[in-house]
Amino acid sequence: MHGRVKERTSEEKERIRLAAEAEKVKQYCKDVDVVTSHVQDHGPDRQTLKLTQTVLDTNPEYYTMWNLRRQALEKLQDEIPKSEMDNMYYEELKFIEHAISLNTKCYWTWHHRKWIVQRLAHLTDWQREVKLCTKLLNLDLRNFHCWSYRRFVASHANESLSQQFDYTTTKIEQNFSNYSAWHQRSALLLEIEKDDHGLLNALQNELELVRQAVYTEPNDQSPWIYHRWLMAQCKGVLTRLGRPPHELAQQELSHIKELLSIEPEAKWPLLTTATMMIDVDRSTYASEIKDILTTLKKVDPARQEYYKFLETKV
Amino acid sequence: ARMSSQEGDDDEEWEGQTVEDQEEVTQKLDRCYAALRRDASEENDVHLFREEHIAWLWRGFSGLPSGYSSLDASKPWLCYWTIQALDLLGESTARRAPQIVGFLDKCQDTEGGFTGGPGQLPHLATTYSAVLALLVVGTEEAYKIIDREKMSSFLHRRKCPNGGFTMHDSGEQDVRSMYTAIVVAKLLNLLTPELVAGSAEWLAQCQTYEGGLGGCPGNEAHGGYTFCGVAALVILGRTDVLDMPRLLRWVANRQMEDDRGFQGRTNKLVDSCYSFWQGAVLPLISYVMHPEPESHAPSGWLFDQRALQQYVLMCAQHAQGGLRDKPGKGCDYYHTCYALAGLSVAQHNDLVITPEPSPYIDKHLDGNEEEDDDVVSVSSSSVTLFGPTENVVEATHPVYNVRPEKVARAMRYFYSL
């Protein structure tokens, strides 16, 4: 054929693909065997770090390999000078960062990083660790491995609770759906405000924030779920302060009623109203609650059985 | 839960979760639901592709493509997902029993517990999946390979003073490790007060303000961990540590209005694996509210069972066999197992939920020693069905996710030792 590229048949393409696959698998198994025999003969050592890296580059979920790295590092700690060891830990951090960038949700990688920064202790750049989390959370708001790790390093970085709280504010203002940020906020709020008067003020500010969110998007569940929690906290604080426990609830009910006048079939304002009424005074509100549940069964049919169950509570 | 880092969080890649992503998925699903409405003039035309799934699952025994190397440290999982899925489809794997048992035996560590593969470290998740796989095989030969004494010491080595368990030596601690340890101990008759001291209290700390459970104290509520925590507490008889109304409200609201399937967390996308992780929590809650077998919800569970079946049948099935997270994703063994298990929970109202070796179960076992895998007997009141009766799959046990007959048989063996 003059100058024409020979076209492969689809069978041939498949054969080539399967052969390449088989080669990949063979190589991977070889890499694992090399580690196993090396450790058998020499125990976990410096070479182990090189060899396990090859396996982990392909498969970061191979937890035994991470364990071997820890064993090797522990052994080296006793054998080599401290400055050299510190360098090894820094190299390890680079390796882990690379592994995380390839697979942000691998338990073992995050766990290993936590182990390393604890070993480095006061030499760890905790601020940098926080920055790493911030970077990743900008790309992936809901990565709970990262949130969990961020909580851990933030406490070491002496990031104040109110700084962490402000961080959640930024995330929420970027996106009211950022559920993980609302979640963090709920934990931090209680840690920051230990005094009931301060807490009550803070809760009212939170209710204002939620009001902004729900007026922007009445059907986004995140702020409503947070709202329910806020109401439970308000009740607790008011009770402790000797005030009528449902003082703020009445106020909230009228705000939500306003919202419902614009969006009469919005599920979350309806459900929130029903559950608040059940909590505040289920007998006085009985017929209103029943009406709401009837509407809910219509607009949110997926939860018919659940609303029928709630009806039995009235 | 991400039992083996395989759970459906992959929707995000490097992008943030936004309301627009949700709209994209909902549109895709609408096309699935609409396409079937066009081609299938009524619901009796919506079929479970039973034979295709069975064939696809059997192919897994011959070897897996290189993309599965990420599960190299999860081989017992692959085993369990495959044979449990086949079992739910009514397909016996008895002819492969020697191969399965022989392989799992090689995964057992000399000091107790099962590893991710020969030569690896024993791990609670792989121990759990190996034990469940042996239960699915269901023979005495299978049960006998487990070294119970060493297993007991392995479980005790995983126990921490704070009441939790580490997944493996110098491993992480979370709700999965609690569930897997407690299930293995319960099934093998190794559960002692000492082993689970403080465990219920540790789990209680994992319930978040939303009502679901997070992976460890401080983490947001998540479907997989919620299942693990609730099931563990059901086994322990300690669901009193949870706020059940809040839990119920959270789980009930994880079924998505338009998408019909379950999401794993608030404002995340639907994923077929949550059909089980979230779906199975509802029977558990019903059980806690009414522990007497006769009073289990004869009218069904507190979620939209038909809608969930629609999601699995119309969006999660691959026409050539296998089930997937959602349209656009590839099929895998993990999603196949849990989508089918979720389908099962959605279909069957008359479930065995007690975690105990119960005489109620034995009554069904005796006189039924030879399982008739071809016959799925269902009375119309005990089933809520979408589509033709041929869609019915076997019932599964919502605590263990193995067929209740298999649970009963195994527990009868281990509790008579």
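## Area buried between the chains

In this predicted model, chain A and chain B bury about 5,100 Å² between them, where buried area is the accessible area (1.4 Å probe) that two parts lose on being put together, summed over both. Carbon and sulfur atoms carry 50% of that area. On the side of chain A, Tyr63(A), Tyr107(A) and Arg142(A) supply 14% of the area that chain A buries against chain B, more than any other three residues.

The contact (heavy atoms within 4.5 Å) takes 54 residues from chain A and 60 residues from chain B.

## Polar and charged pairs

Across the interface, 24 residue pairs are in polar contact, both at pLDDT 80 or more. A polar contact is a pair of N or O atoms within 3.5 Å; within protein, one must be able to donate a hydrogen and the other to accept it, and residues adjacent in sequence count only if both atoms are side-chain atoms.

There are also three salt bridges across the interface (a side-chain nitrogen of Lys or Arg within 4 Å of a carboxyl oxygen of Asp or Glu). The side chain of Arg142(A) forms a salt bridge with that of Glu220(B), at 2.7 Å, N to O.

## Chain B

Chain B has 17 helices and zero strands, taken as DSSP runs (helices H or I, at least four residues; strands E, at least two) numbered from the N terminus. Of its 417 residues, 65% count as buried, meaning under 20% relative accessible area (1.4 Å probe, protein chains only).

## Conventions

Residues are numbered from 1 along each chain as its sequence is written, and chains are lettered from A and ligands numbered from 1 in the order in which they are written. Local features need pLDDT of at least 70, side-chain atom pairs count only at pLDDT 80 or more, and totals for chains, interfaces and linings use all residues, while side-chain values use heavy atoms, with hydrogens and water left out.

Definitions and conventions:
Buried < 20%, exposed > 50% of the residue type's maximum accessible area, 1.4 Å probe, protein only.
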